[in-house]
Amino acid sequence: MAPSRKYLEVFFLNRKCGILLPIPSLNGKAGIGDLGPCAHRFADFLAESGQSIWQVLPLTETDSALGNSPYSSPSAFAGNPLYISLEDLVVRGLLDESEISSKSGLTEDSVDYSAAREFKFPLLRKAFSRFTPGEDYFSFIRRQSFWLSDYALFVVLKAKLGGTSWHRWPEPLRTRESRAIQEVSGELGNEIDYTCFLQYLFFSQATSLKEKCTSLGIELIGDIPIYVNYDSADVWAHRDYFRLGEDLLPTEIAGVPPDYFSKTGQLWGNPLYNWDYLKKDGFSWWISRLGHSLDMFHSVRIDHFRGLLAYWAVPFGEKTAENGTWKNVPSSEFFDCLSLKFPSAPFLAENLGVITPDVTETMERMGFPGMAVALFAFDGNMKENPHIPHNYVRGLTAYTGTHDNNTVRGWFLEDSTAFERKTLEDYCGREITAENAPDTLIRMVLASIAERVVIPLQDYLGLGSEARMNTPSIPSGNWRWRVRKSQLTKKLSSGMKKLAELYGRNRVGGSKKA
């Protein structure tokens with residue numbers, strides 16, 4: 001007997017698919033993608049292509065000294081001013097079209113962070129000089145007061161002191177002596193106002209993009225790095241939330257232990273949380289951070305999710321992660337608090353790597369989907385490998401690859417072993433080449449039982465390693481790939497839509513409204 005209509009509606013209700021594309025990878029007009037018209041156009045492109053998901057990377061401010069990684073930021077809350085759309089400022093009357101038309105030295109081929117800063121920041125200064133704050137601005141300042149004032153003072157002080165890390169600042173500023181903070185806040189008031197102005201613009205545009213995606217029936221997925229930088233407004237303003245010594249340096253730092261991929265582990269170097277203090281405080285900082293992200297996104301991926309249950313603590317000063325120890329988080333209390341604050345559970349868990357049963361149990365209890373990456377599927381362990389499609393569970397989010405992987409084509413040509421290529425061919429029952437590998441893996445994950453499927457745009461375009469977003473072991477040259485406007489063709493759109501329909505993942509609902 002054929003399945004009932006009701007059964008089919010329930011079964012296909014949550015079958016969704018979409019694209020992984022960071023904001024700076026968009027084809028913006030100022031050397032970098034932004035939150036303005038280019039982002040809205042891409043949302044329209046997704047809707048026309050039958051897609052219902054757009055996943056981005058963290059939108060926090062980046063640091064050129066740290067390779068412009070979106071996972072290394074001076075603030076867990078502040079948005080990146082480079083993602084502010086200048087075109088939007090023309091609409092607001094803060095800039096003239098002629099002022100943003102000169103783009104000498106800027107290229108469409110890749111993100112040039114330095115050139116983008118040199119072009120955009122003087123124009124943002126000019127827009128600030130013409131800005132008259134109104135109630136909308138003052139309302140923003142009030143709503144964001146829990147992080148904005150500390151962040152603005154931090155970045156202004158850091159600039160004034162030549163970029164020196166906060167723990168080397170003069171004692172009254174390093175320890176946030178109230179009189180010193182009041183005096184310097186008055187002296188640097190204009191720069192603080194400018195910094196707040198940039199954040200106002202950023203979050204106005206981010207909110208508009210979320211509203212656009214909502215109108216189109218597109219789930220906008222954000223990303224939260226689990227740890228923060230030591231030299232950040234967060235650690236400077238909330239030292240009790242982190243494991244610091246009397247000298248205000250970390251006592252222990254974050255990483256992961258040695259494993260199959262690294263004999264010495266990975267030493268990330270971030271300060272670790274003082275979970276006992278956070279618990280006494282009702283986890284307010286984490287609750288604020290997650291809620292802040294949900295103002296911009298419909299759901300949020302939590303990077304290194306297992307660190308919310310137990311973390312690898314390495315003594316400060318170690319050169320590798322080998323001599324660390326596992327330490328527990330008061331996870332039951334933390335997740336109970338999350339359940340009360342966010343009953344709809346709009347979070348996805350990054351659960352890649354070695355995952356212990358307590359992590360899986362917590363994800364199931366909280367209703368947090370995990371991840372599977374098809375590029376990890378072909379090691380020959382077909383019975384137990386969680387990345388091979390026949391082992392997927394329904395609530396999963398499946399990917400061909402992530403921002404840390406090579407593209408499928410690049411993987412096939414450069415990173416895969418002969419054994420993996422042979423296993424892939426045996427699994428598919430046909431010859432696999434560099435040309436057909438991307439389409440093969442895309443179809444494989446789309447056909448799976450996974451609730452969400454997210455494909456890096458580079459794989460739909462069939463690009464090689466030249467389009468790779470990030471190589472974790474290489475500190476420079478990452479996060480630069482951009483899609484050209486000419487690549488977002490009607491042929492690509494119709495092909496994506498056909499696959500979404502073929503595998504029961506076509507977009508339903510939403511209306512095309514600006």
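Modeller: Keep in mind that the model is predicted. Two packed helices are described by the angle between their axes and the distance between the axes. Here the pair is helix α7, residues 148-160, and helix α10, residues 189-216. Their axes are 9 Å apart, and the helices pack at an angle of about 120 degrees. Angles of 65 to 115 degrees count as roughly perpendicular and those over 145 as roughly antiparallel, and α7 and α10 are therefore oblique to each other. The crossing of these two helices is right-handed. On the α7 side, the contact is made by Leu148, Tyr151, Ala152, Leu153, Val155 and Val156. On the α10 side, Glu191, Ile192, Thr195, Cys196 and Gln199 take part. Sorted by type, the residues of this contact are eight nonpolar, two polar and one charged.

Next comes helix α14, which spans residues 331-341. Its buried residues are Ser331, Phe334, Phe335, Cys337 and Leu338. Seen down the axis of α14, these fall within an arc of 150 degrees, so they line one face of the helix. The cover over the buried residues of α14 includes α12 (275-280), α13 (284-296) and α15 (357-366).

Buried means under 20% relative accessible area, so Glu87, at 18%, counts as buried. Apart from neighbours within four places in sequence, Glu87 is in contact with Lys29, Asp34, Pro37 and Ile100.

Note on methods
Residues are numbered from 1 along each chain as its sequence is written. This is a predicted model: local features need pLDDT of at least 70, side-chain atom pairs count only at pLDDT 80 or more; totals for chains, interfaces and linings use all residues. Side-chain values use heavy atoms; hydrogens and water are left out. Axes are lines fitted to C-alpha atoms, for helices over the stretch in contact, and angles run from 0 to 180 degrees between N-to-C directions. Helices (H or I, at least four residues) and strands (E, at least two) are DSSP runs, numbered from the N terminus. Angles under 35 degrees count as roughly parallel, over 145 as roughly antiparallel, 65 to 115 as roughly perpendicular and the rest as oblique. A crossing is left-handed if the near helix is turned anticlockwise from the far one by less than a right angle, and right-handed if clockwise. Contact means heavy atoms within 4.5 Å. Ala, Val, Leu, Ile, Met, Phe, Trp, Tyr, Cys and Pro count as nonpolar, Asp, Glu, Lys and Arg as charged, and the others, Gly among them, as polar. Buried means under 20% relative accessible area, exposed over 50%, partly exposed in between (1.4 Å probe, protein chains only). The arc is that of the directions from the helix axis to the C-beta atoms.
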